[in-house]
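Thanks for coming. The sequence and coordinates are on the screen now.

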Amino acid sequence: MKHTLAVNVENRPGVLTRIAGLFARRGYNIDSLAVGKTDNPLISRMTIVVDGDDRVIEQVSKQLYKLIDVIKLTDLTTEEYVDREMILIKVNADPAIRGEIMQIVDIFRARIVDIGKNTVIIEATGDESKINAIESALRPFGIKEVVRTGRIAMSRGLKNKNYKS
């Protein structure tokens, strides 16, 4: 089962390396990793998606808490949360087929962010299934390039009571 971990860490150089190294040393694969500053510039938030059973997640959590840079860890999988990914897709788009592509973009509430002579770049956000669906819908046109952010997630409701700012 995939787990989504929200990890608040000190915003310092080398923190990402230490956390990625921990996963590598223990043989745990990171499915997705997104990092950014929080509303407090001294704290960064990592959203880590890792595949494993409860025992594996417990081991990962204990190892992460041993790192001095880790402030708070929450397994969002055990609560209600909102998650999103972003994708940029460059597809072949001769002027004759751009209308068809624009219909797909509208259906997925995505948007075209760049138009080249024979290509367009499309931006879409949503949960993993929506991102997979738009990528599949655009594949027949010929995908030139794809970039995905990985999952970011936040608990529903009030601000996390354990969040330090």
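As general background, nonpolar side chains tend to be buried together in soluble globular proteins.

Before going on, note that this is a predicted model. Every distance and accessibility I quote is computed from that predicted model.

Now the overall layout. The protein chain has four helices and nine strands. Along the sequence they come in the pattern β-α-β-β-α-β-β-α-β-β-α-β-β. The C-alpha atoms fill a box of roughly 60 × 35 × 30 Å along the principal axes. Of the 165 residues, 42% count as buried. For contacts with a separation of 6 or more, residues 24 or more positions apart account for 73%.

Is V91 buried or exposed? V91 has a relative accessible area of 0%, so it counts as buried. With the same exclusion of residues up to four places away, V91 touches I101, N118, T119, V120, I122, L138, G142, I143 and K144. The C-alpha atoms of V91 and I121 are separated by 6.6 Å, and these two residues are 30 apart along the chain.

Strand β5 also holds D83. The relative accessible area of D83 is 15%, and the cut-off for buried is under 20%, so D83 is buried as well. The side chains of D83 and R151 are joined by a polar contact of 3.3 Å. Beyond four places in sequence, D83 touches G126, D127, R151, I152 and A153.

Next, helix α2, which brought L64 into the picture. The helix covers residues 54–66, 13 residues in total, and reaches 19 Å from its first C-alpha to its last, close to the 18 Å expected at 1.5 Å a residue. Which residues of α2 are buried? They are V56, I57, V60, S61, Q63 and L64. Viewed down the axis of α2, these buried residues fall within an arc of 165 degrees, so they line one face of the helix. What covers the buried residues of α2 includes β1 (2–10), α1 (15–26), β3 (43–51) and β4 (70–75). On the face turned away from the buried side, α2 carries the exposed residues D54, R55 and K66. The N-terminal end of α2 is capped by D53, with a side-chain oxygen 3.2 Å from the backbone nitrogen of R55.

Last topic, the charged pairs. A search of the whole structure finds twelve salt bridges. One of them joins R156 and E80, with the closest N and O atoms 4.0 Å apart. R156 is in the segment after β9 (152–155) and E80 is in the loop between β4 and β5 (81–92), so this pair ties together parts 76 residues apart in sequence. E80 has 58% relative accessibility, so it counts as exposed.

Another salt bridge joins the side chains of K90 and E145, at 3.5 Å from N to O. This pair also links distant parts of the chain: K90 is in strand β5 and E145 in strand β8 (residues 143–148), 55 residues apart. Both ends are partly exposed, K90 at 26% relative accessibility and E145 at 43%.

The side chains of R139 and E135 meet in a salt bridge at 3.1 Å, N to O. Here R139 is partly exposed at 48% relative accessibility, whereas E135 is buried at 13%.

I will take questions now.

Definitions and conventions: Residues numbered from 1 in each chain as written. Predicted model: local features only at pLDDT ≥ 70, side-chain atom pairs only at ≥ 80, totals over all residues. Heavy atoms only, no water. Helix = DSSP H or I, 4+ residues; strand = E, 2+ residues; numbered from the N terminus. Expected span 1.5 Å × (residues − 1). Buried < 20%, exposed > 50% of the residue type's maximum accessible area, 1.4 Å probe, protein only. Arc of directions from axis to C-beta. Contact = heavy atoms within 4.5 Å. Polar contact = N/O pair within 3.5 Å; in protein donor to acceptor, adjacent residues only side chain to side chain.
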